[in-house]
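User: I would like to understand the terms used to describe a protein structure. Please show it, and then let us go through it.

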Amino acid sequence: MNKDQRKPGKSKTAQRRDFLKLAGLGTLAGAAAATGGAPRKAEAATAKPATSAGYRETEHVKKAYERSRF
Amino acid sequence: MAQREEILEEDQYRAHFYRLLSRLLVRAPDQDLLTQLSTLNGDDTAIGRALDALAAAARSATPDTTTDEYQNLFIGIGRGELVPFASYYLTGFLNEKPLARLRQDMATHGVARADGVSEPEDHIASVCEMMAGFILGDFDAPMPLARQSEFFDRHIGNWAGRFFEDLENAKSADFYKAVGALGRAFLEIETTAFQMAA
């Protein structure tokens, strides 16, 4: 998007919101139960320092680490 | 954790995408996830078309086929077809400076590896998970957009587009081609949106 498409008088933040609304991201919301709305547990290699419960090390990251030692 | 109402709808959608990408890249999808993905119905946007393609790919996939694919793509014998770590994409080697920089920024933002985890944090699934957490305020208060943008530029925007493109074109990929296309389309939107707010 170039500057000419920006509406005058709108804040950058509002323009960004408009852009994101038009980008179709909301389409995923219907599947949010699977992807975003379900109870969250950290599954990748990060977690909160205070509450790391729920993290599960995956086969993949274990292998990835082994691989990183070549 | 922050109340969800405080987070703009568009930002919650962004977090959903990061979380979905993280979930698909940390391990192969199970039947539940494939079933849910197969019901996605995209609109006529780049993202909508990518979601339609992902739904179609999910309908013709099974946990067995995606597990094999995942194995060949990311694990392999010795190594997989792709190496989905920032350090590898940015330097050609694992565990180099990009990982050190990420660890510094994680410390700044109150994120740490869980106990007992020893693998590098700069895996694509991991940085996507962090972005979702920053947006939603899982680690601390929801992160201001300017800080999100900075983290994105330093740890995602500078390599993940190439990774998703590689995934889209990987020989071992079938279902994961659609994941690559979705990731690439989403990153383009993120990049543009961050630039607009800058």
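User: Which residues touch the most other members of the largest nonpolar core?

Analyst: This is a predicted model, in which local features need pLDDT of at least 70 and side-chain atom pairs count only at pLDDT 80 or more, while totals for chains, interfaces and linings use all residues. Residues are numbered from 1 along each chain as its sequence is written, chains are lettered from A and ligands numbered from 1 in the order in which they are written, and side-chain values use heavy atoms, leaving out hydrogens and water. The core has 72 residues, of which B:Leu25, B:Leu54, B:Phe74, B:Phe163, B:Leu167, B:Phe175 and B:Tyr176 touch the most other members. Helix α10 (residues 175-197) of chain B supplies the largest share, twelve residues.

User: What makes a set of residues a nonpolar core?

Analyst: Its members are buried Ala, Val, Leu, Ile, Met, Phe, Trp, Tyr and Cys residues joined through side-chain atoms within 4.5 Å. In soluble globular proteins, nonpolar side chains tend to be buried together.

User: Why is B:Ala50 called buried?

Analyst: Buried means under 20% relative accessible area, exposed over 50% and partly exposed in between, with a 1.4 Å probe and protein chains only. B:Ala50 has a relative accessible area of 8%, and is therefore buried. B:Ala50 lies in helix α3 (residues 46-59) of chain B. Not counting residues up to four places away in sequence, B:Ala50 touches B:Ala181 and B:Leu182, where contact means heavy atoms within 4.5 Å.

User: Which residues of helix α4 (residues 63-75) of chain B are buried?

Analyst: They are B:Thr66, B:Glu69, B:Tyr70, B:Leu73, B:Phe74 and B:Ile75. Helices (H or I, at least four residues) are DSSP runs, numbered from the N terminus. Just after α4(B), B:Gly76 takes a positive phi of about 60°.

User: At what angle do helix α1 (residues 9-26) of chain B and α10(B) pack?

Analyst: The angle is about 150°, and the axes are 11 Å apart. Axes are lines fitted to C-alpha atoms over the stretch in contact, and angles run from 0 to 180 degrees between N-to-C directions.

User: How confident is the predictor in chain A, by mean pLDDT?

Analyst: On the pLDDT scale, the predictor's confidence in each residue from 0 to 100, chain A has a mean of 57, and 30% of its residues reach 70 or more. In chain A, helix α1 (residues 12-22) is highest at 92, whereas helix α3 (residues 59-67) is lowest at a mean of 42. Where pLDDT is low, the predicted coordinates should not be read in detail.

Definitions and conventions
Helices (H or I, at least four residues) and strands (E, at least two) are DSSP runs, numbered from the N terminus.
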